[in-house]
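The report that follows goes through one protein model, from its overall build to selected contacts between side chains. Please keep the sequence and the structure in view while reading.

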Amino acid sequence: MGGKSFGKAPGGGGTPGRGEFGDSGRERARRRGQGQLEAQVLAALHEASGPATAAWVQERLGGDLAYTTVMTILSRLHAKQAVTRERSGRAYVWTPAADEAGLAALRMRRVLDGEPDRDAVLTSFVSALSAHDEQVLRTLLDRATTDGPATADAPATADGPVTADGPAPAGDPAAESGTDRRR
């Protein structure tokens with residue numbers, strides 16, 4: 001194992017109930033959740049000036065993660081289409097597929113795709129939005145209906161969503177959730 005001792009932590013004598021790993025980097029990495037590790041790896045990739053190797057990511061994360069752990073996280077992110085990879089010699093170089101907002105949107109779509117009643121989930125989601133978030137969503141849906149893809153920089157409008165039949169009645173959960181917009 002490369003000469004690394006997995007015995008008691010130096011000077012600490014170990015902690016009861018924590019096994020023989022003491023305070024090793026392996027233990028610290030295990031305590032972090034998978035989502036947290038993925039976020040840290042993505043943040044490191046966003047700091048890179050271009051495609052980065054797993055070793056570069058490992059170094060940026062402070063080196064307390066094993067190289068194989070970093071590779072596992074990068075592979076999972078690749079399977080989720082959150083990063084892209086390209087061969088560079090015998091290794092891969094990795095690039096984030098989107099910015100953090102795009103990755104959050106991807107996670108939201110995945111959760112929605114995993115639900116059997118999308119309409120109910122969207123209705124519940126929209127009914128819990130703040131007034132500001134609801135207005136941003138209405139504006140984006142309006143722009144998507146009339147102009148194609150929208151941006152979050154769009155000015156808010158006082159109008160409700162537009163459906164194939166015209167403006168939706170206020171308070172209509174189906175219209176607010178976009179369930180009547182089939183593309």
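## Charges over a ring

A charge is taken to sit over a ring if NZ of Lys or CZ of Arg is within 6 Å of the ring centre and within 35 degrees of the ring normal. In this structure, which is a predicted model, Arg-87 meets that description, lying over the face of Tyr-92 at 4.4 Å from the ring centre. The ring of Tyr-92 also has the charged end of Arg-85 over it, at 4.2 Å from its centre.

Aromatic rings can also be examined against one another, and a pair of them is described by the distance of the centres and the angle of the planes. The structure holds one such aromatic pair.

## Overall build

The protein has eight helices and four strands, and from the N terminus on its elements follow the order α-α-α-α-β-β-α-α-α-β-β-α. Of its 183 residues, 27% count as buried. When contacts with a separation of 6 or more are considered, 37% of them are accounted for by residues 24 or more positions apart.

## The largest nonpolar core

Which residues of the largest nonpolar core touch the most other members? Among the 19 residues of this core, they are Val-41, Leu-45, Val-57, Leu-74 and Leu-77. Helices α2 (34–47), α3 (54–60) and α4 (67–79) each supply at least two residues of the core, and α2 gives the most, with five residues.

The surroundings of Leu-45 can be listed in detail: once its neighbours within four places in sequence are left aside, Leu-45 is in contact with Ala-52, Val-57, Leu-74, Val-83, Trp-94 and Pro-96.

Strand β1 (83–88) is joined by six bridges to strand β2 (residues 91–96), and the two strands run antiparallel. Within this pairing, Glu-86 stands opposite Val-93 in β2. The two strands form a hairpin with two residues between them, and Gly-89 in the turn has a positive phi of about 70°.

Pro-51, found in the loop between α2 and α3, is 42 residues away from Val-93 in sequence, yet the two are 5.4 Å apart in space, C-alpha to C-alpha. Leaving aside its neighbours within four places in sequence, Pro-51 is in contact with Val-93, Trp-94 and Thr-95. Despite these contacts, Pro-51 is exposed, with a relative accessible area of 56%.

## Salt bridges

How many salt bridges are counted in the structure? The count comes to four, and one of them is formed by Lys-80 and Glu-38, whose closest N and O atoms are 2.9 Å apart. Because Lys-80 lies in the loop between α4 and β1 while Glu-38 belongs to helix α2, this pair ties together parts that are 42 residues apart in sequence. The two partners are described by their accessibility as follows: Lys-80 counts as partly exposed at 31% relative accessibility, whereas Glu-38 is buried, with a relative accessible area of 10%. The value for Glu-38 falls in the buried class because that class covers residues under 20% relative accessible area.

The side chains of Arg-60 and Glu-59 also meet in a salt bridge, at 3.0 Å from N to O. Here Arg-60 counts as partly exposed, at 39% relative accessibility, and Glu-59 is exposed, with a relative accessible area of 57%. A further salt bridge links the side chains of Asp-113 and Arg-118, at 2.6 Å from N to O. In that pair Asp-113 counts as exposed at 54% relative accessibility, while Arg-118 counts as partly exposed at 38%.

Most residues other than glycine have a negative phi. Against that background, Gln-81 has a positive phi of about 65° although it is not a glycine. Gln-81 lies in the loop between α4 and β1, the loop that also holds Lys-80. Is Gln-81 buried or exposed? Gln-81 is exposed, with a relative accessible area of 58%.

Notes
Residues are numbered from 1 along each chain as its sequence is written. This is a predicted model: local features need pLDDT of at least 70, side-chain atom pairs count only at pLDDT 80 or more; totals for chains, interfaces and linings use all residues. Side-chain values use heavy atoms; hydrogens and water are left out. A nonpolar core is a set of buried Ala, Val, Leu, Ile, Met, Phe, Trp, Tyr and Cys residues joined through side-chain atoms within 4.5 Å. Buried means under 20% relative accessible area, exposed over 50%, partly exposed in between (1.4 Å probe, protein chains only). Contact means heavy atoms within 4.5 Å. Rings of Phe, Tyr and Trp (its six-membered ring) pair if their centres lie within 6.5 Å; planes under 30 degrees apart count as stacked, over 60 as edge-to-face and the rest as tilted. Two strands pair if DSSP finds at least two bridges between them.
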